[in-house]
Amino acid sequence: DLLVVGSANADLVTVVERRPAAGETVLGSDLVVHPGGKGANQAVAAARLGARTALLARVGNDGHGRLLLDSMRDAGVDTVGVLVGGAPTGVALITVDPSGDNSIVVSPGANGRLSPEDIRAAGSLFQAARVVSAQLEIPLESVVEVVRNLSPEGRFVLNPSPPRPLPREVLAACDPLIVNEHEARVIAGADAELGDSPEDWAKTLLALGPRSVVITLGAEGALIAVRAGERVRVPSVPVEAVDTTGAGDAFTAALAWRLGAGESLAQAAGYAARVGAAAVTRPGAQDSFPTSQEVEALCCA
Ligand code: ADP
């Protein structure tokens with residue numbers, strides 16, 4: 001089974017002619033509410049592929065929380081680990097201008113209250129999980145607690161987004177650490193010389209302790225690197241990209257699931273690249289995540 005530990009947000013989107021200045025009011029288009037947050041996105045992506053997936057997260061006792069729980073259950077996610085209350089559901093307030101540029105305010109709300117005690121209390125979910133996948137939209141001390149609660153066979157996958165420097169204890173547990181270029185730079189630290197090529201970035205990151213590293217490269221695919229020295233480029237699948245939102249979440253979820261099914265990192269990353277490619281062919285985040293049949297169809301088209 002796959003356990004995702006992370007955030008769940010309601011994304012509130014309105015399109016404006018131009019952004020309001022201080023003290024100004026502008027009118028926006030009808031509000032659209034999407035389920036989001038990297039934790040919920042990963043859980044939904046994995047469940048849609050057919051993975052047995054549970055989410056450990058926190059939402060508010062409010063309408064947004066119920067909307068998120070409904071969307072997760074519709075996708076087949078086990079929500080027994082989704083805690084309710086303590087603060088309003090996390091929200092992303094998103095204004096989109098006519099050129100498609102976003103301005104986003106995130107109110108973490110209940111995501112910020114997913115505490116180390118909450119993690120410890122979820123012991124049975126950790127026992128059942130072959131792979132545990134996390135991101136950084138919850139408190140860092142809770143991510144540390146995730147690492148401490150892994151079962152002996154449990155494998156830890158981390159996409160450190162939004163990125164921040166990480167304690168050695170967390171880095172050492174990652175197998176793999178999954179980053180794009182921006183995340184790689186922040187994790188390596190402002191003073192670090194990351195190098196020019198993704199191979200160099202991987203080397204720098206491996207020196208920080210993770211057992212393996214996956215660098216996602218958008219339309220260029222990905223690079224996998226393990227401590228022992230293996231470096232493998234994973235080609236991307238050529239597709240017509242419509243909206244890359246959620247591609248990283250879909251990629252990470254697919255990779256974590258395939259690792260749990262016993263595939264090698266190279267095999268799992270190859271599958272994940274197809275899932276990421278499928279996700280960019282449709283708009284939105286959760287709406288864009290493919291079923292396994294759609295992934296198969298993509299490969300053979
Ligand atoms: P993030 O959103 O975290 O920056 P990426 O944009 O690198 O992540 O996307 C994750 C993965 O999804 C990539 O490694 C690649 O396999 C796939 N992907 C993303 N964009 C494209 C694209 N335009 N064409 C094909 N595959 C893509």
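# A tour from helix pair to ligand shell

Select A40, A43, V44, A47 and R48 in α1, which meet L68, M72 and A75 in α2. By class, the residues of this contact divide into seven nonpolar, no polar and one charged. Remember as you look that this is a predicted model.

**Stop 1: the two helices**

Now show both helices whole. Helix α1 covers residues 38-49, and helix α2 covers residues 63-75. Their axes are 8 Å apart, and the helices pack at an angle of about 20°. How do α1 and α2 run, parallel or antiparallel to each other? Angles under 35 degrees count as roughly parallel, and α1 and α2 are therefore roughly parallel to each other. Turn the view and check the crossing: α1 passes α2 in a left-handed sense.

**Stop 2: the four-stranded sheet**

Keep α2 on screen. α2 lies across β2, β3 and β6 (90-96). Against β3, the helix α2 runs at about 60°. Those strands belong to an open sheet of four, in the order β3-β2-β6-β7. The pairing in this sheet is mixed. Which strands are at the edges? Select β3 (32-36) and β7 (102-107): each pairs on one side only. On average, neighbouring strands of this sheet are turned by 20° against each other, direction ignored.

Zoom in on β2 (residues 9-15) and β3. This pair is antiparallel, over five bridges. Pick L12, then find its bridge partner in β3, V33. In general, strands of a sheet pair through backbone hydrogen bonds.

**Stop 3: the nine-stranded sheet**

Move to the other open sheet, in the order β5-β4-β1-β8-β9-β10-β11-β12-β13. It has nine strands and mixed pairing. Its edge strands are β5 (82-84) and β13 (231-234), each pairing on one side only. Neighbouring strands here are turned by 20° against each other on average, direction ignored.

Strand β12 (residues 222-226) pairs with β13 in the antiparallel sense, over four bridges. Select L223: opposite this residue, in β13, stands R233.

**Stop 4: helices across the strands**

Which strands does α9 lie across? They are β1 (2-5), β8 (131-134), β9, β10 and β11. The angle between α9 and β8 is about 165°.

**Stop 5: two cis bonds**

Select S161 and P162. The peptide bond from S161 to P162 is cis, with omega near -5°. Where is P162? It is found in the loop between β9 (155-158) and α6 (168-173).

Then select D175 and P176. The bond from D175 to P176 is cis as well, with omega near 10°. P176 is found in a strand, β10 (residues 174-179).

**Stop 6: around the ligand**

Finish at the ligand. There are 19 residues around the ligand. Of these, N180, T216, G248, A273 and G276 come nearest. Colour the shell by class: 11 residues are nonpolar, eight are polar and none is charged.

Which element gives the most to the shell? Select α10, which gives four residues.

Technical notes: Residues numbered from 1 in each chain as written. Predicted model: local features only at pLDDT ≥ 70, side-chain atom pairs only at ≥ 80, totals over all residues. Pairing = 2+ DSSP bridges. Axes fitted to C-alpha atoms, helices over the stretch in contact; angles between N-to-C directions. Contact = placed C-beta atoms within 7 Å. Near = placed C-beta within 6 Å. Nonpolar A, V, L, I, M, F, W, Y, C, P; charged D, E, K, R; others polar. Parallel < 35°, antiparallel > 145°, perpendicular 65-115°, else oblique. Left-handed = near helix turned anticlockwise from the far one by under 90°.
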